[in-house]
Amino acid sequence: MAIKTVAASLQKELPMTLSGVQMKELNTTLQNAAYSKEMLEFQKKWKQHTLNDAVTQFAKNMAKTWSAATVASDIAKMRMPAQNIAFAKLMPCGVKMDMPRGAKTVIRELSKPAAKALTETAEIEFVPKEKKFYHKDCPAKGLDAQEISDSESSLELFSEISLPDLIKFESELFENEYFANESKVGKKIFEIISGWKHFVHLGDTIYFHARCLGKNNQPYLEQEMLKAPVMISSHGRYNEIGRSCYYFADTKEGALTEVYKHCGSKKPSVQIAKLKKCKEARLIDLSQNVSKNNRFIDHLRFKVDNTPGKIVKEYLLPNFVAGCCKKVGIDGIKYQGDGYNCYVTWKDDYFSFEGNDIVEIEG
């Protein structure tokens, strides 16, 4: 499709004005976006000219990027920002514009919630030749638009659980967790997790595992830092008291922060291991942003200060989710940290040791 044809089509079809709701939606999308070059140009053009001009220029730039990626022989140049495809889906007034060959099908199959999520990350790329989306850390695993939409909607399935039902279920967990899977909500949660279709993997990212060092204690051996701690007493978000699993983060600062969360006001010395994947794990992704009415995910993310040896009621729901994942053979969970991603796996043999650091107690 010639770029001029795209521009001409938009000139005809795009209304000159937006309603207050449409304007708010567009502004919110841009406010939360991880900008691609083309999206930055859209915002700049909109401020300087009209919305028509901005959309016309965006379509022009996108067609150019798509065409270049289609004919490229260099693998790196075969990809384009997934945000562009997603933003086209969210274009104001539901504009039905002429697009490069195959683009319209991809955009049509992409759900709006999935498109919204894609505009908010720069970690996903799109390959026009294959019509597939790839995570930068997992270049061998691609998903088409329908699979991306299905993956996004998996989290939204939890929003079907009402707040009263959720509170009742959490009360049941506190009263007797062993019979929770017999309740209506327990069965629903297990059904959602057992039917999960799309998973994330460790890829080639470097990860970090942190552990507190007692005062005057010797540093842990490399072998110890590669193993889940034994005989633990504290209740974790995804582990019950006395049951160990392996927690790690995708940044050193994130791993340190996660340890500090459970140390009260006094910060201990912390040993941090740098990790490299030696075998792949299949993880359920609970880190994505969700709609405001998804109380279930909100409850999974409650921030608490836990006390060693005591049950933390806010952890009972994520503990149940972890139990469901184990039951159906999912290796672990990716979840949301404060500006970083956290991970937990039930086994501890996915990594090799890459380096060590100790953050000493200040003062």
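Helix H4 (residues 51–71) and helix H5 (residues 82–89) pack at an angle of about 140°, and their axes lie 11 Å apart. Helices here are DSSP runs of H or I with at least four residues, and strands are E runs of at least two, both numbered from the N terminus. Axes are lines fitted to C-alpha atoms, for helices over the stretch in contact, with angles from 0 to 180 degrees between N-to-C directions. H4 is therefore oblique to H5; angles under 35 degrees count as roughly parallel, over 145 as roughly antiparallel, 65 to 115 as roughly perpendicular and the rest as oblique.

This is a predicted model, in which local features need pLDDT of at least 70 and side-chain atom pairs count only at pLDDT 80 or more, while totals for chains, interfaces and linings use all residues. Residues are numbered from 1 along each chain as its sequence is written, and side-chain values use heavy atoms, leaving out hydrogens and water.

Which residues of H4 and H5 make the contact? From H4 come Phe-58, Met-62 and Trp-66, and from H5 Asn-84, Ile-85, Phe-87 and Ala-88, contact meaning heavy atoms within 4.5 Å.

Let us turn to confidence. pLDDT, the predictor's confidence in each residue, runs from 0 to 100. The protein chain has a mean of 83, with 87% of its residues at 70 or more. Over residues 1–16, however, pLDDT is below 50.

Finally, consider Lys-131, in the loop between strand S2 (124–127) and strand S3 (132–135). Its phi is near 60°, a positive value in a residue other than glycine. Most residues other than glycine have a negative phi.
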